[in-house]
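Subject: Structure handover

Hello,

My notes follow below it.

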Amino acid sequence: MALVEMRQVSKTYSTGDENVPALRNLSLQIDAEEFVALIGPSGSGKSTLLSVLGVLNPPDRGEVIIDGFDVYRLSLERRADFRSAYLGFVFQELYLLSHLNALENVLLPQVILKRPLREQHQKAYAALEAVGLKGKEKRFPRQLSGGEQGRVALARAIVNHPPLLLADEPTGSLDSKTGEGIMELLRELNRQGQTIVMVTHNADNLRYVSRTLELRDGELRREDFAAEKPGMGSSV
Ligand code: ADP
């Protein structure tokens, strides 16, 4: 069974008297351990698709099934629990809290899950080590480089071992070399089994992913599988 299945999902935004279709009858499946890039021109629906997958933006029609849960049929409270347990988010803006050090920033998502303190600390240290920040746990964001701040945001996203990591332009605010470091880290996490869906404008990032989905006007326009996956051609 696919980890994620979207079935005939439509989303239209209403602004005053105008209706803006953002997703049109879109269906897709994502298997566990895939690394998927979402590309397409500005306004094609990428952010909407990511927020619908992130259980943050209910579609008007269609179903979103993640690990067997029809997520928009869950109550609002259970949706929030589902997000905490199943999803990790990384945004271009990072959203690190400047008055908290790296460790405390990474502890945040666990506080919500109310795990025992000792376990929270162990997991936060492990997540920071996994992103190459061992020894820098007590530094505040301003004492870290842009790339290191990106790594803290990534550690915070993976600290609860979410089945699905959603990344919106994770290299968008970084210079190309630092961005490559983050992409290499995402690829390494993916090789260890982390399923990732990433929105990107940067064509250089596509060499790290296993599948690229191209959106156009809220529809899937094209799908490309990475060359090293034998037997899988281009389709759609
Ligand atoms: P992308 O991420 O590919 O740039 P978006 O998903 O942000 O695309 O937008 C898809 C379409 O929906 C665009 O026409 C955009 O203007 C519109 N849109 C996105 N969010 C909103 C919103 N909150 N209110 C109204 N229209 C929106």
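Predicted model: local features only at pLDDT ≥ 70, side-chain atom pairs only at ≥ 80, totals over all residues.

Residues are numbered from 1 along each chain as its sequence is written, and side-chain values use heavy atoms, with hydrogens and water left out.

For Lys 46 the distance is 2.8 Å. For Ser 47 it is 2.7 Å. For Thr 48 it is 2.5 Å. Taken alone, the ligand exposes 560 Å², and the protein buries 63% of that (Shrake-Rupley areas with a 1.4 Å probe; for residues, only the protein chains shown count as cover). Helices (H or I, at least four residues) and strands (E, at least two) are DSSP runs, numbered from the N terminus.

Val 20 is partly exposed, at 34% relative accessible area (buried is under 20%, exposed over 50%, partly exposed in between; 1.4 Å probe, protein chains only). Beyond its neighbours within four places in sequence, Val 20 is in contact with Lys 11, Thr 12, Tyr 13 and Thr 15 (contact means heavy atoms within 4.5 Å).

Next, the sheet. Four strands form an open, antiparallel sheet in the order E2-E1-E4-E5 (two strands pair if DSSP finds at least two bridges between them). E2 (18-30) and E5 (69-70) stand at the edges, each with a single partner strand, so one side of each has no neighbour in the sheet. Nine bridges join E1 (residues 4-15) to E2. Asn 19 in E2 is the bridge partner of Ser 14. Helix H1 (residues 46-53) packs on the sheet and touches E1, E2 and E4 (61-66). The direction of H1 makes about 120° with that of E1 (axes are lines fitted to C-alpha atoms, for helices over the stretch in contact; angles run from 0 to 180 degrees between N-to-C directions).

Helix H2 (residues 76-86) has Arg 79, Phe 82, Ser 84 and Tyr 86 buried. Their cover includes E4, E5, strand E6 (87-91), helix H3 (102-113) and strand E7 (164-168).

Leu 189 sits in helix H6 (residues 176-191). Its relative accessibility is 8%, so Leu 189 counts as buried. Sequence neighbours within four places aside, Leu 189 is in contact with Leu 154, Ile 158 and Gln 194. Leu 189 and Ile 158 are 31 residues apart in sequence and 9.3 Å apart in space, C-alpha to C-alpha.

Asn 205 lies in the loop between strands E8 (195-199) and E9 (211-216). Asn 205 is buried, at 4% relative accessible area. Its side chain makes a polar contact with the side chain of Thr 171, at 3.1 Å (a pair of N or O atoms within 3.5 Å; within protein, one must be able to donate a hydrogen and the other to accept it, and residues adjacent in sequence count only if both atoms are side-chain atoms).

Best regards
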